[in-house]
Amino acid sequence: MQNIPQRSFGIDYDCNCFVKNGSPFRYISGSIHYSRIPRYYWKDRLMKMKMAGLDAIQTYVPWNYHEPRRGTYDFSGDRDLEYFLQLAHETGLLVILRAGPYICAEWDMGGLPAWLLEKESIVLRSSDLDYLSAVAKWMSVLLPKMQRHLYQKGGPIIMVQVENEYGSYFACDYDYLRFLQKLFRQYLGNEVVLFTTDGASKTHLRCGTLQGLYATVDFAPGVNVTAAFLTQRASEPSGPLVNSEFYTGWLDHWGHRHSVVPTQRIAKTLNEILAHGANVNLYMFIGGTNFGYWNGANMPYMPQPTSYDYDAPLSEAGDLTEKYFGLREVIGMYKQLPEGLIPPTTPKFAYGKIRLQKVGTVLEVLNKLSSAGPVKSTYPLTFVQLKQYFGFILYRTVLPKNCTEPTELASPLNGVHDRAYVSVDGVPQGVLERGVSLAINITGKAGANLDILVENMGRVNFGRFNNDFKGLVSNLTLDQDTLVEWEIYPLDVDGAVNHDISGQSEQLPRSLGNPSSYEAPTFYTGKLSIPGGIPDLPQDTYVKFPGWTKGQIWINGFNLGRYWPARGPQLTLFVPSNILVSSEPNNITVLELEQSPCSA
């Protein structure tokens with residue numbers, strides 16, 4: 001019997017390469033985020049990546065996705081990371097794991113859990129002791145699970161990234177990086193390659209790298225590849241050249257054009273990278289979807305949409321694109337492409353129009369949304385202070401005086417995080433929006449209810465404003481006087497949707513004379529029946545919102561995400577077939593925040 005080489009993966013500084021089982025190895029990898037793709041489709045997407053000629057995939061672990069509340073861990077269903085790793089392994093793909101704790105990723109708060117902000121002065125991503133103790137606790141749960149999947153142990157994980165582009169953060173705290181290095185080594189052992197990723201410039205690499213963590217860079221198509229790798233060489237004089245994020249497209253923001261990067265441009269630079277003998281990861285290979293409330297935001301405050309399509313080689317829905325075949329061709333110039341058929345684009349089905357029925361406004365169904373009732377406070381409290389991290393909270397006070405003439409309601413310190421739907425005794429007055437609209441005029445009688453429904457639009461995921469508090473984070477003024485004595489209703493909208501929001505609602509008196517083009521935030525429900533007699537249904541589809549403005553949609557209780565066709569660029573939401581059922585009608589619930597076509 002011959003000796004089967006022991007599974008090993010490491011760095012050879014003499015040949016400037018990685019070494020796998022004793023032989024020089026170069027990887028071509030692609031990013032896929034399991035948190036953005038339903039578990040049902042993991043296998044399909046991984047197969048398509050394998051058939052494009054990739055050796056490996058790269059994925060982020062979003063801490064807040066697995067520890068939604070302090071000490072409560074979830075690795076089930078769509079969050080079953082170990083099953084995802086196992087599927088990658090079975091598909092013949094190696095894994096480059098980006099374990100955080102911070103990931104950026106255009107994901108809410110860069111993957112950091114919002115409950116960290118319960119200590120308001122916390123310095124995230126630093127040696128702040130409260131931050132470190134939370135990180136240590138989380139890593140003591142995550143890393144032992146990952147250790148079983150290391151390449152050396154027979155699993156797919158060849159490398160683990162520590163933190164993420166730390167050189168782009170203001171703190172520049174080497175003690176923090178040392179702490180992480182020690183923690184990762186403690187749980188993962190000394191064999192696994194630990195690495196960092198930073199922008200390809202001296203300034204980024206200065207604070208992002210640490211001796212003992214292999215420094216890699218990221219850069220976009222169109223740059224001077226030789227120069228970019230020379231910046232990596234300043235940190236790592238020998239060892240493999242690695243671009244950990246070679247961008248195949250770019251992210252979107254609400255109200256901005258959809259990013260598109262031409263295939264030829266990417267193919268040209270990819271060819272140059274591979275000609276250098278370098279290792280490369282295509283970010284993203286498939287972007288996927290920010291379901292629910294998971295999208296992040298950038299500063300000045302600009303939230304990202306529900307779609308994370310990224311103009312990647314596989315579309316948000318996993319479709320094969322011209323870019324997929326263009327990049328596969330380049331890869332085929334450097335290695336043997338796998339034999340066999342590429343799984344086809346999934347079929348889509350147009351189910352037609354859905355009739356929606358009005359259930360009631362948020363105020364009318366308030367008792368269902370906030371069973372525990374309000375918290376009373378002199379001044380407004382934030383989401384975190386109320387231990388609610390996502391969605392919506394209703395702030396109520398009474399008008400301290402008659403406002404028969406239009407009177408200015410303002411957030412002088414830009415403290416509406418992020419969007420507030422204002423009404424007086426149920427009559428809509430307008431919208432306050434972070435960084436956009438800091439004051440509106442309202443009218444109403446003294447003693448009338450002033451209701452402010454605040455939406456968390458997604459936490460900042462990049463840069464120093466990561467500590468993004470939500471809700472009314474500073475006082476509101478009416479005619480320059482501070483408003484006090486609030487009743488604050490945490491709203492469990494998702495829970496209410498899952499327990500059938502329709503049924504008896506409290507009918508509020510309808511007042512005439514609505515001063516704005518806004519309507520009160522309102523719930524609508526409808527049913528979608530999958531037609532019989534057609535094979536292979538249900539199939540994937542998209543939902544469109546003609547005449548609707550902005551809101552949230554649920555299908556069978558699954559929070560599909562935010563829609564905002566009034567601002568764009570995203571006009572349709574991807575509906576994966578796995579959330580639909582054919583055995584009975586599908587329940588559709590819509591929360592329209594501004595204006596629906598139903599009232600026209």
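Glu433 lies in strand E20, residues 427–433. Strands here are DSSP runs of E, at least two residues long, numbered from the N terminus. The model is predicted: local features need pLDDT of at least 70, side-chain atom pairs count only at pLDDT 80 or more, and totals for chains, interfaces and linings use all residues. Residues are numbered from 1 along each chain as its sequence is written, and side-chain values use heavy atoms, with hydrogens and water left out.

Glu433 is buried, at a relative accessible area of 11% (buried: under 20%, 1.4 Å probe, protein chains only). Its side chain makes a polar contact with the side chain of Arg419 at 2.5 Å. Such a contact is a pair of N or O atoms within 3.5 Å, one able to donate a hydrogen and the other to accept it. Beyond neighbours within four places in sequence, Glu433 is in contact (heavy atoms within 4.5 Å) with Asp418, Arg419, Leu438, Trp564 and Arg567.

The structure also holds three cavities of 30 Å³ or more. A cavity is a set of points on a 1 Å grid over the protein atoms alone where a 1.4 Å probe fits but cannot get out; lining residues have an atom within 4 Å of a point. Volume is the space filled by probe spheres set on the points, which are joined across faces, edges and corners. The largest cavity has about 90 Å³ of space. Its lining includes Thr361, Leu394, Tyr421, Asp451 and Pro521. Strands E19 (419–424) and E22 (449–455) each supply at least two lining residues. E19 gives the most, with three.

How values were computed:
1 Å grid on protein atoms, 1.4 Å probe; cavity = no way out; pocket = protein on both sides within 12 Å on 5 of 7 lines; lining within 4 Å. Helix = DSSP H or I, 4+ residues; strand = E, 2+ residues; numbered from the N terminus. Buried < 20%, exposed > 50% of the residue type's maximum accessible area, 1.4 Å probe, protein only.
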